[in-house]
Structure formats: C-alpha cells, structure tokens
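Dear colleague,

Please find below the structure that I am handing over to you. My findings follow it.

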Amino acid sequence: MQARWGTHGDHSIVALTASTHQDLFRITVEAFNISETYRTPVILLLDEVIGHMREKLILPEPGEIPLVERLWTSVKEGTNYHPYLPREDGRLPMSDFGGVHRYNVTGLMHDMWGFPSDNPEIAYGLMRHLIDKIEDRVQEMTYIKEFYLDDAETVLISYGSAARSALHLVENRRARGEKLGLLELQTLWPFPAHAVRDRCERAQFVVVVEMNMGQIMQEVNKALDAKDKVFLANRIDGAFISPSDIRNILRLVQGKGV
Amino acid sequence: MPVSVKDYLRERFMPHIWCPGCGHGIIMNNLIRAIISLGIRKNDIVMVTGIGCSSRISGYMDFHTLHTIHGRALAFATGVKLSRPELTIIAPMGDGDALAIGGNHFIHAARRNIDITAIVMNNRIYGMTGGQFSPLSGYGTIATTAPYGNIYEAFDIVELAKGAGASFVARTTTYHVTSMQEILEKAMRHKGFSVVEILTQCPTYFGRKNRMGDAVDMLNYFKEKTTPIGSGKKEKDPSLIERGIFVQEERTEYCAEYDKIVGKARGR
C-alpha cells in the first residue's frame with residue numbers, strides 16, 4: 001500500500017515481488033524493462049524473508065531474457081523537441097543531458113517542454129498520461145504464477161515469502177487428492193484484477209495468504225465482489241506464516257472446526 | 001558576435017517568481033557571466049536544483065536543467081555526474097534545501113569530493129513557504145515559526161563544508177558582485193566538490209521580520225558586516241563575517257576514482 005499510495009498527489013505505479021531468488025532475478029529484469037519502456041519508477045517490493053535467505057540461483061546467459069532498449073528521439077538539432085509530448089503508446093522518446101536538446105525536468109506539473117505550469121488543462125493532460133500509461137496496460141504488466149488452478153475448488157492467493165508456505169500446503173493437499181490451488185502474484189500494482197477474477201471464478205473458497213491485516217485481500221474483494229467466499233490467512237506477530245497456520249484457517253473456512 | 005547574458009536565459013518562461021529586491025537574480029546574473037567568461041558550452045552544463053525560491057533558477061536558464069525534490073539536488077547531481085563525468089554540474093540550492101532537508105547529501109557529497117559546484121544561496125529563511133526559520137537563521141532571529149525569537153544556533157556553512165571534506169570552499173555576498181563572479185569561475189574550474197556560500201537578501205521575509213529595511217539596506221548590511229579573509233578589521237570586530245576562498249586543494253576526485261575501480265574490476 002505504501003508503494004501504491006506513498007506520495008501525495010495521484011499517480012499510478014508499478015510494484016513487483018517474488019518468492020524465490022530465481023524468480024526475483026527474472027522479475028528484477030522485468031522491472032527494468034517496464035521502467036525503461038514507460039519511464040516510470042518500478043518498486044521491487046520484497047519482504048524480510050526473501051531479503052535474508054540464501055538459496056541457489058542459476059544465472060541466465062546474456063540475451064536469454066529480452067532487454068528493452070530505451071527509446072531515443074529522432075528529432076534533429078535545431079528542430080523543436082518536446083520531451084513530454086504524450087504518445088498513444090505511452091512512451092516518451094528521450095534526449096540525454098549533454099545532447100543537443102536542452103530542456104527542463106521537474107517534479108511539478110509541467111507542459112510538453114517540461115516547464116512548470118498551473119494551467120488546469122495542462123495538469124489534467126499530464127495526470128491522464130501518468131495514470132493511463134500504466135492502467136491501460138495492466139495485462140501487459142501482469143506477472144503471475146499458477147499452481148494446480150485448473151480444477152481448484154479452493155484457491156489460495158499469495159505473494160512474496162508467504163507464497164512459499166502456501167505452495168507447500170497446496171502440494172501436500174494435492175498429494176491427498178484435495179482440489180487446492182495457488183495463484184501467486186508477482187505484480188501487486190497495477191493490481192491484476194482480471195487475472196484474479198478469471199482464476200477464482202469457479203472456486204468455492206478464496207483464501208488470501210499475507211503477512212498483514214489484509215491489504216491485498218481488499219483488492220481481491222474489489223476484484224471478485226463476492227466477499228462471502230474470500231478469507232484471510234495472516235500473521236501479524238512478526239513470525240513467519242507457516243503451512244500449519246494456513247491449514248488451521250482452511251479448516252475453519254471449510255467448516256471442519258479448529 | 002558578442003555574447004549576452006540574455007542568450008543564457010529562457011525568456012519565454014519569464015517573468016520569474018522572485019520578489020522585487022530578492023538577491024537570487026544577482027546570483028543568476030553572475031553565474032551566467034562566470035559561465036560566459038569560462039566559455040563553457042550550454043550543452044555541456046547540467047544545472048540541478050531542489051525545491052524553494054532559489055531552486056527555480058534552473059528553469060530560467062538555458063542549460064540541461066533538472067528541478068528535483070526538496071533537499072535532493074546533490075543526490076540527483078551525483079547521479080548525473082557519475083553517468084556523464086565530462087559535463088559541468090552546477091547545483092544551486094537554498095540554505096534550508098541544502099542544509100536541513102539535504103544536510104546528509106551535502107556532507108556526503110563533500111566527503112566524496114565529487115566534481116560538482118554547489119552554490120548555497122543563503123537568505124537565512126524559507127521564503128517560498130512563508131518565512132519559517134532555517135538552520136541558517138541563527139540565534140535570536142525572528143521568523144514566522146519563531147515569533148519570540150529563534151533558539152537555534154546557525155550552521156557555519158564554510159566550517160561544515162571544510163569539516164566534511166570539500167576541496168573548494170568559499171563565501172561571498174550579493175553585494176560583492178565582482179568577487180562573486182571570480183569565485184564562481186574558480187569554483188567551476190576546480191576539479192572536486194566546490195561549495196560557494198552566497199549571502200543573499202530576502203527583504204520579503206528575513207529582512208521584514210528582522211527589521212533590516214529594504215533590499216538596499218540589506219545589501220549595505222552585507223557590505224558592512226563582512227570582511228575579506230584575514231583582514232585587520234576582523235581583529236577589531238570579531239563579529240564580522242569573513243568572505244573569500246577558504247579552501248582550494250587538489251584532492252582525488254570521486255568520478256576519477258570510480259573509473260579506476262571499474263578498470264580494476266574489468267582487469268585493465
């Protein structure tokens with residue numbers, strides 16, 4: 001939530017996470033790719049467990065993961081270059097400091113030359129650009145991992161280190177023939193509501209596993225609009241959520257008692 | 001063709017936001033003159049500023065300009081300099097911007113000795129937001145947030161910059177325009193972190209709150225209350241503020257060191 005709403009003013013932001021170091025490597029490259037494509041900050045929202053643990057990582061060969069090249073302006077010296085003239089694809093071709101185009105970069109509301117402006121029309125145009133370049137491309141920026149979702153009657157939704165406990169539980173239960181699945185979110189913002197809707201449509205129960213009071217559960221609720229089937233499995237005492245913690249919640253949800 | 005100060009301004013973005021009598025325009029004028037005198041190309045200059053009245057200077061000047069967030073001019077400037085070490089980086093800041101919000105960036109940029117010219121436009125107050133005291137206001141001064149007198153002592157920018165490791169440290173005022181230009185030239189030519197403190201007048205807030213008269217009275221105050229380094233006047237009146245170049249030393253510059261490390265890592 002802090003990643004999404006941590007500043008004053010309105011804007012869209014991209015926040016990605018992962019639950020293993022191998023995934024983290026990949027998602028970090030994607031973070032740079034999104035950032036380079038749309039000139040937006042991308043926040044790698046990682047948790048303490050992922051940060052402190054050590055595990056095996058196989059480095060891909062150079063070129064194995066596609067890299068996005070920054071878009072440069074083709075405007076020649078002496079011709080008017082508008083660094084902030086919005087384009088339909090949401091991308092703004094850049095010109096380097098030290099290059100032939102001198103312009104202003106500011107954090108204030110600005111016009112297409114980058115000069116501060118308090119004209120409401122210009123401010124509105126800029127806001128629409130900052131929001132639309134992200135919100136219009138939610139699908140493109142959605143990174144998820146799916147485990148046993150095809151026939152899942154109970155879907156766990158999790159992200160970050162908590163997803164490891166969730167996966168452990170899901171695999172144990174599958175071995176016993178229970179129809180449990182996991183949707184692991186790697187994109188947290190913009191929230192992949194379409195993916196959540198699609199994967200949870202047929203589920204009887206949806207349990208969001210996270211280490212807080214239900215920040216992503218609120219988004220899941222908004223996406224599904226079916227509050228009676230969404231539940232929270234969480235811990236807020238600083239201890240890591242274990243598969244047995246999730247199992248206990250599942251028993252409650254499924255009406256099997258404590 | 002003779003070069004004019006106007007050639008370095010973005011006139012279409014005028015009028016500027018500075019109040020009548022403000023000293024910031026004097027600094028802008030001198031900065032341009034210093035740049036003309038050094039013959040640096042406009043395309044080779046990046047001006048990085050933070051937030052505040054002083055920070056608006058970047059928008060008015062025809063260089064590559066970067067108007068960033070409060071106190072972070074030096075953080076952004078460090079990034080620009082590291083990526084393009086061949087460019088001349090100038091970071092004009094206000095006193096609150098540089099030393100309250102950006103205090104940590106200031107001392108660490110000085111410690112690194114990165115080749116940036118940091119100009120502290122010291123008017124001893126937060127002007128844009130309505131006259132709150134800054135770390136440079138000083139004990140006993142009056143501000144919107146100190147109506148009964150400020151109980152904080154002020155930083156001494158020169159001593160702070162020296163202590164933090166800046167390799168060029170100078171102080172001047174908006175009254176002493178000729179020496180200001182000379183100092184700015186030397187600061188920009190210096191290879192390393194250069195700090196130039198320029199005492200400048202804010203007649204709207206600091207001057208009015210502290211009954212210092214109008215802009216001309218405040219300029220005269222700088223004339224009377226400052227003295228060149230090591231002058232006899234200082235011995236008679238220790239309250240006088242010294243101006244001139246306090247430190248000018250050749251020391252290892254950060255980008256050069258960084259480049260060496262890159263070379264070492266690549267085994268060249």
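Which residues of E2(B) point one way from the strand, which point the other way, and are they buried or exposed? His64(B) and Leu66(B) lie on one side of E2(B), Thr65(B) and His67(B) point the other way, and all are buried. Please bear in mind throughout that this is a predicted model.

**The contact between the chains**

Between the two chains, ten residues of chain A are in contact with 18 residues of chain B. On the chain B side, helix H2 (57-60) and strand E2 (64-67) each supply at least two of the residues that touch chain A. E2(B) contributes the largest share of that side, namely four residues.

In chain A, the loop between strand E3 (104-106) and helix H4 (120-135) contains Gly114(A). This glycine has 19 other C-beta atoms within 10 Å and is partly exposed; the cut-off for a buried residue is 20 or more. Leaving aside residues up to four places away in sequence, Gly114(A) touches Pro83(A), Tyr84(A), Tyr103(A), Asn104(A), Val105(A) and Thr106(A). As for Tyr103(A), the separation from Gly114(A) is eleven residues in sequence and 6.7 Å in space, C-alpha to C-alpha.

**A further sheet in chain A**

Chain A also has an open sheet of three strands, ordered E2-E1-E7, in which the pairing is mixed. Strand E2 (42-44) and strand E7 (187-189) of chain A each have a single partner strand, so one side of each is left without a neighbour in the sheet. Neighbouring strands here are turned by 30° against each other on average, direction ignored. Strand E1 (residues 14-16) of chain A runs antiparallel to E7(A), and two bridges join them. One residue pair to inspect is Ala15(A) with Trp189(A), its bridge partner in E7(A).

**Chain B as a whole**

Chain B comprises eleven helices and ten strands. Its radius of gyration is 18 Å, close to the 18 Å given by the globule rule for 268 residues, so the chain is as compact as a globular protein of that length. The C-alpha trace of chain B spans about 60 × 40 × 35 Å along its principal axes. Of the 268 residues in chain B, 51% are buried. Among contacts in chain B between residues at least 6 apart in sequence, 67% join residues at least 24 apart.

**Helix H5 of chain B**

Which residues of helix H5 (residues 103-112) of chain B are buried? They are His105(B), Phe106(B), Ala109(B), Ala110(B) and Arg112(B). Viewed down the axis of H5(B), these residues fall within an arc of 165°, so they line one face of the helix. The elements of chain B against which they pack are helix H3 (73-83), helix H4 (95-101), strand E4 (117-122), helix H6 (157-164), strand E8 (194-199) and helix H11 (254-265). After H5(B) comes Asn113(B), with a positive phi near 55°.

Yours sincerely

Conventions. Residues are numbered from 1 along each chain as its sequence is written. Chains are lettered from A and ligands numbered from 1 in the order in which they are written. This is a predicted model: local features need pLDDT of at least 70, side-chain atom pairs count only at pLDDT 80 or more; totals for chains, interfaces and linings use all residues. Two strands pair if DSSP finds at least two bridges between them. Axes are lines fitted to C-alpha atoms, for helices over the stretch in contact, and angles run from 0 to 180 degrees between N-to-C directions. A residue is buried if 20 or more other C-beta atoms lie within 10 Å of its own, exposed if 12 or fewer, and partly exposed in between; C-beta atoms are placed from the backbone. The arc is that of the directions from the helix axis to the C-beta atoms. Two residues are in contact if their C-beta atoms, placed from the backbone, lie within 7 Å. The radius of gyration is taken over C-alpha atoms; the globule rule is 2.2 Å times the number of residues to the power 0.38.
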